[in-house]
Amino acid sequence: MTVAEPRRIHVSAAVIRDVDGRLLLVRKSGTTAFMQPGGKPEAGEDAAMTLVREIREELGLRLNAADLAPLGTFAAAAANEPGFEVVADVFAADIRDQTPVASAEIAELRWVGPNEIDHLDIAPLAREYFLR
């Protein structure tokens, strides 16, 4: 018997922290899990371009590639798509003094620290790698 490879969703995701070290997480409309801001690439976009666009659309923040520091590629179970694995190019994002605002498909945003992870539905990618 062979084990099927998981179906993969490629995304770009941000690690945005506040002055207290809490991680910014978002919850999309119609879902329960909080996850890092970001999303899927459009045709012709590289990972950084995707994240700059998604951050603008989802949070109203104006960034460019110089505001991003690559952290690597991480994989985890997809939070909202059973049977899929999310493979994320993750960047630390410096938002300077900008204030994120939930926009587009984002229903809620929240700054989350390690002491809150047991009280929220958090996507595996954020829970496994960035909320320790």
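Biologist: Which side chains does a polar contact of 3.0 Å join?

Modeller: The side chains of Glu-45 and Thr-50. Keep in mind that this is a predicted model. A polar contact is read from a pair of N or O atoms within 3.5 Å, and the Glu-45 and Thr-50 pair is listed at 3.0 Å.

Biologist: Where is Glu-45 found?

Modeller: Glu-45 sits in the loop that runs between strand E3 (38–39) and helix H1 (47–59).

Biologist: Which backbone nitrogen does the side chain of Glu-45 reach?

Modeller: That of Glu-42, at 2.8 Å. Once neighbours within four places in sequence are set aside, Glu-45 is in contact with Lys-40, Thr-50 and Arg-53.

Biologist: Now the whole chain. How many helices and strands does the secondary structure come to?

Modeller: Two helices and six strands. Along the sequence they follow the pattern β-β-β-α-β-β-β-α. The radius of gyration is 14 Å, close to the 14 Å from the globule rule for 132 residues, so the chain is as compact as a globular protein of that length.

Biologist: What does the C-alpha trace span along its principal axes?

Modeller: About 55 × 40 × 25 Å. As for the surface, the accessible area of the chain comes to about 7200 Å², with 52% of it belonging to carbon and sulfur atoms. Of the 132 residues, 45% count as buried.

Biologist: What share of contacts join residues at least 24 apart?

Modeller: The share is taken among contacts between residues at least 6 apart in sequence, and in this chain it is 63%.

Biologist: In which sense does E5 pair with E1, parallel or antiparallel?

Modeller: Parallel: strand E1 (residues 7–15) pairs with E5 over nine bridges. Arg-8 is opposite Glu-85 in E5, and Val-11 is opposite Ala-88 in E5.

Biologist: And in which sense do E4 and E5 pair?

Modeller: Strand E4 (residues 68–77) and E5 are antiparallel, again over nine bridges. Here Pro-70 stands opposite Phe-91 in E5. E4 and E5 form a hairpin with six residues between them, and Gly-83 in the turn has a positive phi of about 85°.

Biologist: How many residues of strand E5 are buried?

Modeller: Seven of the 10 residues in E5 (residues 84–93), so the strand is largely enclosed by the rest of the structure.

Biologist: How should I read a positive phi?

Modeller: Most residues other than glycine have a negative phi. One example is Arg-96, with phi near 55°. Another is Ala-104, with a positive phi of about 55°.

Biologist: Where do Arg-96 and Ala-104 lie?

Modeller: Arg-96 is in the loop between E5 and strand E6 (106–112), and Ala-104 is in the loop between E5 and E6 too.

Biologist: Is Ala-104 buried or exposed?

Modeller: Exposed, with a relative accessible area of 60%. Arg-96 is partly exposed, at 47%. The cut-off for exposed is over 50%.

Biologist: Leu-131 next: is the residue buried or exposed?

Modeller: Leu-131 is buried, because its relative accessible area of 4% falls under the 20% limit. Leu-131 lies in the segment after helix H2 (124–129).

Biologist: Which residues does Leu-131 touch?

Modeller: Residues up to four places away in sequence are not counted. The others are Leu-23, Leu-25, Val-112, Gly-113, Pro-114, Ile-117, Ile-122 and Ala-126. Ile-117 is 14 residues from Leu-131 in sequence, and their C-alpha atoms are 7.6 Å apart in space.

Biologist: Which residues does UniProt list for "domain: Nudix hydrolase"?

Modeller: Residues 6–132, in an unreviewed entry. Over that range the chain is 15% helix and 35% strand, and the end C-alpha atoms are 26 Å apart.

Note on methods. Residues numbered from 1 in each chain as written. Predicted model: local features only at pLDDT ≥ 70, side-chain atom pairs only at ≥ 80, totals over all residues. Heavy atoms only, no water. Helix = DSSP H or I, 4+ residues; strand = E, 2+ residues; numbered from the N terminus. Buried < 20%, exposed > 50% of the residue type's maximum accessible area, 1.4 Å probe, protein only. Contact = heavy atoms within 4.5 Å. UniProt positions renumbered as here; feature names shortened; annotations may be inferred. Polar contact = N/O pair within 3.5 Å; in protein donor to acceptor, adjacent residues only side chain to side chain. Pairing = 2+ DSSP bridges. Rg over C-alpha atoms; globule rule 2.2 N^0.38 Å. Areas by Shrake-Rupley, 256 points an atom, 1.4 Å probe, with all protein chains shown as cover.
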